[in-house]
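Open the model in your viewer and switch to a cartoon view. This tour tells you what to select at each stop and what is there.

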Amino acid sequence: MAGRSGDGSASGGQPPFVLFILRPRSQAMRLAWLAGALAVASLITALRLQIGLGTSGVPLVFFLPAVIAVTLIASWEYGAASLALSIAIVWFAFIPPPFSFVVPARAQVITIVLWSTVSVLLVAITYFLRAALSISMRNEQRYRRLMAVTSDIVWVTDGDGNVNDPHPSWTRVTGMAWPSYGGRNWLDAVHEDDRGRLRPDGVKGDHFAEFRLRDANADDWRWYRSRAVALTGPGGDVEEWITAMRDVHESKLAREQGELMIGEARHRLKNLVTVIDALAKNSRQKGAPENAHLDAYLKRFLGRLHALGAAGDLVLAGQHQYVEIGAVVRATLAPFLEENAERFRIQGADVTLSEATGGNLALAMHELATNAIKYGALSVPDGYVSIHWSDEPAADGDRVAIEWKEHGGPAPVRPEREGFGGRVIKTVPVREKNGEVKVEYPEDGLYCRIAFTKSQSASPQPR
């Protein structure tokens, strides 16, 4: 996990011969390369003929390297020009009689045509090679410039996690000088308990980790977060890991502190609900006669209190201002589910609600369950309740529908006037758009449908 020097220099770490080939050149310099290459090829060819090493055919052998060199150094236009000039020079100076443009023999013409065809292909191949080298150097420079300006520490290891090159940032952070962190010795700067997190054995995609690194300046451990991306070879094996590492020490400590405070708030909320529950149950005057109405009131009041407490605990546990419908329903009905779990059919997708709407839904679920136990499907052995909710996209948000349906109980009776429980149910969608509550009393069991449009902005954003 350490990498190559990110100095952002113009060389980009390319080999010297690549830098020489791609060096910018003026038109005069390119013409000089063209003239010099053809002059050298002509001189070598003349010397070859002078010492009698080639007396027949068409002496083109030394002009082919000249054409390739000119193309590589000066671009394809000059390479094509060098090809044409090579044919002219050979025809004029080296095909008998020399220094004339006598029409060559048939065999010589065929040789020149074949040589020209091969040369054209080599010019094209050389041009693409030059273009590939230029793109490679530009990408290398871009990578190094990016590394120079980013706040992350970026490094490269081989597929086994070995560091093969120095990285100044690693030395700056950990105080380890090159080559002391070469190979896998960089792990010496990682906290012993976190080293296993930085070994993505068998992973070929992105790998994320949080770990503690020894800070040279503070002489203490600091938290870092890393993302490693695998570079695979033709066979699919990981050949290199490119890793970006960022200091998250302060944010992680703040998050842990927040989690501690959330835990304390949840604890105090539960204690407060318990205290109110005890006060309500023990506030009756000693020796007072039994009062059925008072007992019913206490039972209803405490049930609503615990329903609100469960919804509030869900909000705190989630550490945001949203709650999930399924979590609200199950937390609210937990006292009923303990002994009658098989009598509740709960189903629905993951749908989030605002804290206020979730609290109202908890109260509504408690009212419906209490009513079902006293008068509805849960008052008989074979009755049950199905609870279902859905979330469908709409033009102005998501249309949420929550349905409560009782089965197998006595036929419900429409109340003569709306009680407090009915008003509680109608408050569920009051903070949402296009809210509606429908309560029906068919013979096969009570039916309640709560629907509203939840705006997209009311949904929690990914963290």
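**The whole chain**

The protein has twelve helices and eleven strands (DSSP runs numbered from the N terminus: H or I of at least four residues for helices, E of at least two for strands). This is a predicted model: local features need pLDDT of at least 70, side-chain atom pairs count only at pLDDT 80 or more, and totals for chains, interfaces and linings use all residues. Residues are numbered from 1 along each chain as its sequence is written, and side-chain values use heavy atoms, with hydrogens and water left out.

Colour by burial. Of the 463 residues in the protein, 37% are buried (under 20% relative accessible area; exposed is over 50%, partly exposed in between, with a 1.4 Å probe and protein chains only). Next, think about contacts (heavy atoms within 4.5 Å). Among those between residues at least 6 apart in sequence, 61% join residues at least 24 apart.

**Stop one: the four-stranded sheet**

Select β1, β2, β3 and β4. These four strands form an open, antiparallel sheet in the order β1-β4-β3-β2 (strands pair if DSSP finds at least two bridges between them). β1 (153-158) and β2 stand at the edges with a single partner strand each, so one side of each has no neighbour in the sheet. Neighbouring strands here are turned by 30 degrees against each other on average, direction ignored (axes are lines fitted to C-alpha atoms, for helices over the stretch in contact; angles run from 0 to 180 degrees between N-to-C directions).

Zoom in on β3 and β4 (residues 238-247). Nine bridges join this antiparallel pair. Tyr-224 stands opposite Asp-247 in β4.

**Stop two: aromatic rings**

What kind of aromatic pair do Phe-211 and Tyr-224 form? The pair is stacked, at 6.4 Å centre to centre with 25 degrees between the planes (rings of Phe, Tyr and Trp, the last by its six-membered ring, pair if their centres lie within 6.5 Å; planes under 30 degrees apart count as stacked, over 60 as edge-to-face and the rest as tilted). Phe-211 lies in β2 (residues 207-215) and Tyr-224 in β3 (residues 220-232), so the pair ties together parts 13 residues apart in sequence.

A search of the whole structure finds eight aromatic pairs. Now select Trp-170, Trp-178, Tyr-181 and Trp-186. Ring pairs link these four into a cluster.

**Stop three: the five-stranded sheet**

Move on to the strands from β6 onward. Five of them form an open sheet of mixed pairing, in the order β6-β8-β9-β11-β10. β6 (344-348) and β10 (433-440) are the edge strands, each pairing on one side only. On average, neighbouring strands in this sheet are turned by 10 degrees against each other, direction ignored.

Select β6 and β8 (residues 384-394). They run parallel, joined by five bridges. Look for Ile-346, which stands opposite Ile-387 in β8.

**Stop four: helices on the sheet**

Then show α11 (residues 355-374). α11 lies across β8, β9 and β11 (447-454), running at about 15 degrees to β9.

Finish on α9 (residues 325-332). Which of its residues are buried? They are Ile-325, Gly-326, Val-328, Val-329 and Thr-332.
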